[in-house]
Amino acid sequence: MNRIRIALFVLAVCAPSLASAQALKFEEAASLVGASCAKDIDDNCRGVNFDPTRLKECLYRNQDVVSAKCQADYPRAFSAIQQRITARTTLMKLCNWEMNHLCSEVRTDPAKGLQCLLDSTKKATGNCNKAIAAAGYR
């Protein structure tokens, strides 16, 4: 019985970290910021561009007046956006072999190259497939 209680306790403690570890898509992250922080942005960040870095800085700068819901959600949303941006910038580096060997005829066209990578899932390396998923293309 104690083992079950310990296991439930461990699951309860780890559950929030597992949920936050899941990557949000761009639109999910933007929706989260909009749903949680729209009033705070309107009240405190009027005139700030909807650039994630500037908006994040504004919310951080005004954290003493920003709602608790916004304070809880915006770091996760902006972190997810940054993870996607990083994944997309490193995608071609991680899929270089696939671009050279499977998609060489469309290598110069980024849209066709990406489509070729998506079509070559079974032939691509595991790292390339992980990079495509992390970038949110799959």
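What pattern does the protein follow when read along the sequence? The pattern is α-α-α-α-α-α-α. The protein has seven helices and zero strands; helices (H or I, at least four residues) and strands (E, at least two) are DSSP runs, numbered from the N terminus.

The model is predicted: local features need pLDDT of at least 70, side-chain atom pairs count only at pLDDT 80 or more, and totals for chains, interfaces and linings use all residues. Residues are numbered from 1 along each chain as its sequence is written, and side-chain values use heavy atoms, with hydrogens and water left out.

## Overall figures

Of the 138 residues of the protein, 29% count as buried. Buried means under 20% relative accessible area, exposed means over 50%, and partly exposed lies in between (1.4 Å probe, protein chains only). The protein exposes about 9,400 Å², and carbon and sulfur atoms supply 58% of that area. Accessible areas come from the Shrake-Rupley method with a 1.4 Å probe; for residues, only the protein chains shown count as cover. Contact means heavy atoms within 4.5 Å. Among contacts between residues at least 6 apart in sequence, 48% join residues at least 24 apart.

## Packing of α2 and α3

Helix α2 (residues 26–44) packs with helix α3 (residues 52–61) at an angle of about 85 degrees, and their axes are 10 Å apart. Axes are lines fitted to C-alpha atoms, for helices over the stretch in contact, and angles run from 0 to 180 degrees between N-to-C directions. The two helices, α2 and α3, are therefore roughly perpendicular to each other; angles under 35 degrees count as roughly parallel, over 145 as roughly antiparallel, 65 to 115 as roughly perpendicular and the rest as oblique. On the α2 side, the contact is made by C37, D40, I41 and N44, and on the α3 side by L55, C58 and L59. By class, this contact of α2 with α3 has five nonpolar, one polar and one charged residues. Ala, Val, Leu, Ile, Met, Phe, Trp, Tyr, Cys and Pro count as nonpolar, Asp, Glu, Lys and Arg as charged, and the others, Gly among them, as polar.

## Nonpolar cores

A nonpolar core is a set of buried Ala, Val, Leu, Ile, Met, Phe, Trp, Tyr and Cys residues joined through side-chain atoms within 4.5 Å. The largest one has 17 residues, and C37, I41, L59 and F78 have the most contacts inside it. Two or more residues of this core come from each of α2, α3 and α4 (68–94). Helix α4 gives the largest share, six residues. Not counting residues up to four places away in sequence, C37 touches L32, L59, C70 and Y74. Apart from this core lies another, of twelve residues, among them L91, C95, C116 and C128.

P52 lies in helix α3 and is partly exposed, with a relative accessible area of 30%. Leaving aside neighbours within four places in sequence, P52 is in contact with F78 and I81. T53 also has its place in helix α3; T53 is partly exposed, with a relative accessible area of 45%.

A131 is found in helix α7 and is buried, with a relative accessible area of 6%. Its contacts, leaving aside neighbours within four places in sequence, are with L91 and L94. N129 is placed in helix α7 (residues 126–134) and is buried, with a relative accessible area of 16%. With neighbours within four places set aside, N129 is in contact with T121, A124 and R138.

| Pair | Separation along the chain | C-alpha separation |
|---|---|---|
| P52 and Q82 | 30 residues | 8.6 Å |
| T53 and F78 | 25 residues | 8.1 Å |
| A131 and L91 | 40 residues | 5.7 Å |
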